[in-house]
Amino acid sequence: QFDYIHHEYDDIIVNLHLFHSYVPDELLNLIHQPWTWYTREQLLHLNFPKANKDIIKRLYWPHFIKISHTLTSVENSDALLYWRIEDEFGPREVEQLTALDEGQRSNLIINVDIWQQLNPELKKQIKTVHLKQSQLMSLHKGDLEVGVRFIAACHDAVSLQHAQQIGCDAVFVSPVQVTATHPDVSALGWDRFADLIEKCQIPVFALGGMSPDDLATAQQHGAYGLAGIRNF
């Protein structure tokens, strides 16, 4: 199960139950005609009923994710902020989170451990939740909460496959280049990165030594977008 949407029109109430699905290539011709594939960007410009708007929000991702240890504003409208809290999450952090408006909170990514500590109202306003690779690998299909976007950190083919199997919406794949944060970790390089994500069916954000100027290069190698710390 991917999502559940309850929408009330003036004359009718609609309940939409959405599922992840896979259609083998040999069965595509059996789909009722006409049909076509659309990119996530194209979905934003199609004329959907109001009840479907939340589905589109769930599917579409900005192309940049800024990673920061402090809760800062994101000036780029095509960006999300991953607030990476490495110390204890306490009253001060809750206060910072509460001080944001609902729109700012909806553009925020926080780790699943911190997300689970929030009160129900705040929790509902965080639309995207992060999983470290260790957290990802401890989960199974059906464990992810319905109606929330999950983005997982992946460093190898096994974790990348697992993220798709359990229903994650997107992944960070790293490190693409050598970084000051992890100078001893062997970088993938663009060719190995491209090979690793070649069959990935969900958006991949390249992470590790990235700058916003690398977007075209990343997309040529199969990435959807970029994530970074210093250069963002």
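Mentor: Two residues touch, or are in contact, when heavy atoms lie within 4.5 Å. By that rule Phe 193 touches Val 173, Val 176, Leu 188, Val 204, Ala 206, His 221 and Ala 223, with residues up to four places away in sequence not counted. The model is predicted: local features need pLDDT of at least 70, side-chain atom pairs need pLDDT 80 or more, and totals for chains, interfaces and linings use all residues. Numbering starts from 1 along each chain as its sequence is written, and side-chain values use heavy atoms, without hydrogens or water.

Trainee: What makes a set of residues a nonpolar core?

Mentor: Its members are buried Ala, Val, Leu, Ile, Met, Phe, Trp, Tyr or Cys, joined through side-chain atoms within 4.5 Å. Buried means under 20% relative accessible area; exposed is over 50%, partly exposed lies in between, with a 1.4 Å probe and protein chains only. The largest such core here has 46 residues, and Cys 168 and Phe 193 have the most contacts inside it. A second, separate core of 14 residues includes Tyr 60, Trp 61, Ile 67 and Ile 151.

Trainee: Why is His 69 called partly exposed?

Mentor: Its relative accessibility is 44%, so it counts as partly exposed. His 69 sits in the loop between β3 and β4. Setting aside residues up to four places away in sequence, it touches Trp 83, Arg 84 and Glu 86. His 69 and Asp 87 are 18 residues apart in sequence, and their C-alpha atoms are 9.5 Å apart in space.

Trainee: What makes β3 largely enclosed?

Mentor: Four of the five residues of β3 (64-68) are buried, so the rest of the structure largely encloses it.

Trainee: How do you know that β3 pairs with β4, and in which sense?

Mentor: Pairing requires at least two bridges found by DSSP. β3 and β4 (79-83) share five and run parallel, so they pass that test. Lys 66 has Leu 81 of β4 as its bridge partner. On β10 (225-228), β3 has three bridges, again in the parallel sense.

Trainee: How many bridges hold β6 to its neighbours β5 and β7?

Mentor: β5 (108-111) pairs with β6 in the parallel sense over three bridges. Four bridges join β6 (128-131) to β7 (149-154), also parallel. Asn 111 partners His 130 of β6. Towards β7, Thr 128 stands opposite Arg 149, and Val 129 has Phe 150 as bridge partner.

Trainee: Which way do the β6 residues point, and are they buried or exposed?

Mentor: Thr 128 and His 130 point one way, Val 129 and Leu 131 the other, and all are buried. In a regular strand, side chains alternate between the two faces of the sheet.

Trainee: What counts as a helix or a strand, and how many does the chain have?

Mentor: Both are DSSP runs numbered from the N terminus: H or I over at least four residues for helices, E over at least two for strands. The protein chain has 10 helices and 10 strands.

Trainee: Which peptide bonds are cis?

Mentor: One joins Gln 33 and Pro 34, with omega about -5°. Pro 34 is in the loop between β2 (13-18) and α1 (40-43). Another runs from Ser 174 to Pro 175, with omega near -10°. Pro 175 is in the loop between β8 and α9. Most peptide bonds are trans.
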